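Thanks for making time this morning. I would like to walk you through one model, strand by strand, and then step back to the whole chain. Please have the sequence and the structure open as we go.

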Amino acid sequence: MKKKPKRSRALRREADREQEKLAGAARRLHALEAGGSAEHPLELPSASVVEVDALGRRCGACGGDVKLVEHTVIEHEGRRLRVGRVSCKLCRAEWRWFYRIAAPN
Ligand SMILES: [Zn+2]
């Protein structure tokens, strides 16, 4: 009879914790980045490129491709911002990108 790999579960848990720690650090960095928070949104010429831009950015935790979760509009200090919420296809971390749409001329 084969021995069960007893430690694999514990190891996996440890790896998960490690991943979470990394994701936490990546998240703090993300919040400081342009577009990473409502305080410093990225500027875009039109709302139609919000999703394209958000999808073009990689997961801050593992560098994986992301998919769109939703595209919403929020009010922040009297300004309307677009939020592109994406999640990583690999580690499933969620990221929010904030955009200000330049006023049409
Ligand atoms: Zn990821």
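Predicted model: local features only at pLDDT ≥ 70, side-chain atom pairs only at ≥ 80, totals over all residues.

Let me start with strand β2, residues 66-76, which is hardly covered: among its 11 residues the count of buried ones is 1. By buried I mean that 20 or more other C-beta atoms lie within 10 Å of the residue's own, while exposed means 12 or fewer and partly exposed is in between, with the C-beta atoms placed from the backbone.

Residues are numbered from 1 along each chain as its sequence is written.

What does β2 pair with? It is joined to β3 by 10 bridges, and the two run antiparallel; two strands count as paired if DSSP finds at least two bridges between them. Along this pairing, His 71 stands opposite Gly 84 in β3, and Val 73 stands opposite Arg 82 in β3. The two strands form a hairpin with 2 residues between them, in which Glu 77 takes a positive phi near 50°. Most residues other than glycine have a negative phi, and Glu 77 has its positive value although it is not a glycine. Glu 77 counts as exposed because it has 7 C-beta neighbours inside 10 Å.

Moving on to the next strand pair, β3, residues 79-88, and β4 are antiparallel over 6 bridges, and Ser 87 has Glu 94 of β4 as its bridge partner. These strands also form a hairpin, this one with 5 residues between them. Arg 92 lies in that loop between β3 and β4, and its phi is near 65°, again a positive value in a residue other than glycine. Is Arg 92 buried, exposed or partly exposed? With 13 C-beta neighbours inside 10 Å, it counts as partly exposed.

The remaining pairing is that of strand β1, residues 42-44, with β4, residues 94-101, which run parallel and are joined by 3 bridges; here Leu 44 has Ile 101 in β4 as its bridge partner. Put together, 4 strands form an open sheet in the order β1-β4-β3-β2, with mixed pairing. β1 and β2 stand at the edges, each with a single partner strand, so one side of each is left without a neighbour in the sheet. From one strand to the next, the twist averages 35°, with axes being lines fitted to C-alpha atoms, for helices over the stretch in contact, and angles running from 0 to 180 degrees between N-to-C directions.

Now to the interior. In soluble globular proteins, nonpolar side chains tend to be buried together. The largest nonpolar core in this model has 12 residues, among them Val 50, Cys 59, Val 86, Trp 95 and Phe 98, where such a core is a set of buried Ala, Val, Leu, Ile, Met, Phe, Trp, Tyr and Cys residues joined through C-beta atoms within 7 Å. The elements that give two or more residues to this core are α2 (50-55), β3 and β4, and the largest share, 4 residues, comes from β4. Leaving aside residues up to four places away in sequence, Trp 95 touches His 30, Cys 59, Gly 60, Val 66 and Val 86, contact meaning that C-beta atoms, placed from the backbone, lie within 7 Å.

Helix α1 covers residues 7-32, and Arg 7 lies in it. Arg 7 is exposed, because 9 other C-beta atoms lie within 10 Å. Arg 7 and Gly 84 are 77 residues apart in sequence and, C-alpha to C-alpha, 40 Å apart in space.

Finally, the chain as a whole. It has 2 helices and 4 strands, running α-β-α-β-β-β from the N terminus on. The C-alpha atoms fill a box of roughly 75 × 20 × 20 Å along the principal axes. The radius of gyration is 18 Å, whereas a compact globule of 105 residues would have one near 13 Å, taken over C-alpha atoms, with the globule rule being 2.2 Å times the number of residues to the power 0.38. Of the 105 residues, 18% count as buried.

Methods:
Contact = placed C-beta atoms within 7 Å.
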